[in-house]
Amino acid sequence: MRSDIEAQLLEALLTSAEPPPRPGSAGLHLSEGEGRPWEHEEARRLRSAETTRQPMSLLSLRLPGISLDDAYRIQWHGVALRFADGARVVGHKVGLTSAAMQEQFGIDQPDSGLLLDYMAVAEDRALRLGDLVAPRVEGELAFRLGADLSGVDVGEEAIRGAVADTFLALEIIDSRYGFEGLTLADSVADNAACGRFVVGTAVPGLMPELGGEHLTLTVDGVVAASGFGRAILGDPIRSVAWLVRRLAAFGTGLRAGDVVLAGAVHASLPLGAGQTVAVSSPRLPQAVLHVA
């Protein structure tokens, strides 16, 4: 059952790399908010910001010394809260993989987050802008896996062989902290700013030479941004490889059926009510988002 896989994933993430407790803190079991209480409380604050659409102050300002391990554990606690509310894990996203995105936010390395079922927007449905805090949109390349991937030594050829489908995607990032002054730790804690996503019709297997695929993003039919697949760490498959290695460090990996958003080829753009946004490329069917 998919729910068993999700539970195993979250258990692996939440119980791995357990850091020593901070002075004055006490560990709790997963059912009570495993880890240090302040991590679980930050996750609850982020969940509240998501549901009320009220941004909160940056974690990095309130806790300047926070580590990435701390931030990822906050992320996973937040996913566990959504899981308890009935959400399902459907895949992963890798963010900040292009120079354009890193320069936009002043961050020099990728991050990752978990995709949940309620984040998926069907092409025949409209996204309600009022459901989000600070939405921005990106054109991306994405994959669906046909086999499990795990381990620090998994090579790119194995990853290429595991790809069942290739497609274009639009990711709507949405920071519950707001984007002004955002640091890598803030982004990670906030599930890598996952908001919503739309995928185009899949092409079976791995599309060859994706580095040369030119993606064009239009807003209401006007070209607003573009970029080549090679903007994603030189080759979008490397984005998946980075994700597999990162997850391996926490005792887990990717599963057959997972969607992986590999990253944007251009800087993100603000999203407005009434817009129609599309990403297209020469060889892949477009992905389209309608905004209410």
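Biologist: Leaving aside its neighbours within four places in sequence, with which residues is Gly 139 in contact?

Modeller: The model is predicted, so local features need pLDDT of at least 70 and side-chain atom pairs count only at pLDDT 80 or more, while totals for chains, interfaces and linings use all residues. Residues are numbered from 1 along each chain as its sequence is written, and side-chain values use heavy atoms, with hydrogens and water left out. With contact meaning heavy atoms within 4.5 Å, the partners of Gly 139 are Ala 169, Leu 170, Leu 215, Leu 217, Gly 263, Ala 264, Val 265, His 266 and Val 279.

Biologist: Is Gly 139 buried or exposed, and what is its relative accessible area?

Modeller: Gly 139 is found in strand E4 (residues 135-145); strands (E, at least two residues) and helices (H or I, at least four) are DSSP runs numbered from the N terminus. Buried means under 20% relative accessible area, exposed over 50% and partly exposed in between, with a 1.4 Å probe and protein chains only. Gly 139 is buried, because its relative accessible area is 1%.

Biologist: What distance separates the C-alpha atoms of Gly 139 and Thr 216?

Modeller: Along the chain, Gly 139 and Thr 216 are 77 residues apart.

Biologist: How far apart are the end C-alpha atoms of helix H2?

Modeller: The expected span of a helix is 1.5 Å times one less than its number of residues. Helix H2 (residues 37-52) has 16 residues and should therefore span 22 Å. The model agrees, as the end C-alpha atoms are apart by 22 Å.

Biologist: Against which helices do the buried residues of H2 pack?

Modeller: The buried residues of H2 are Glu 39, His 40, Glu 42, Ala 43, Leu 46, Arg 47, Ala 49 and Glu 50. An α-helix has 3.6 residues a turn, so residues three or four places apart point the same way. The buried residues of H2 pack against helix H3 (59-62), helix H4 (68-84) and helix H7 (184-189).

Biologist: Which residue of E13 is the bridge partner of Leu 127?

Modeller: E3 and E13 (residues 287-291) run parallel and are joined by 2 bridges. In E13, the bridge partner of Leu 127 is Val 291.

Conventions
Pairing = 2+ DSSP bridges.
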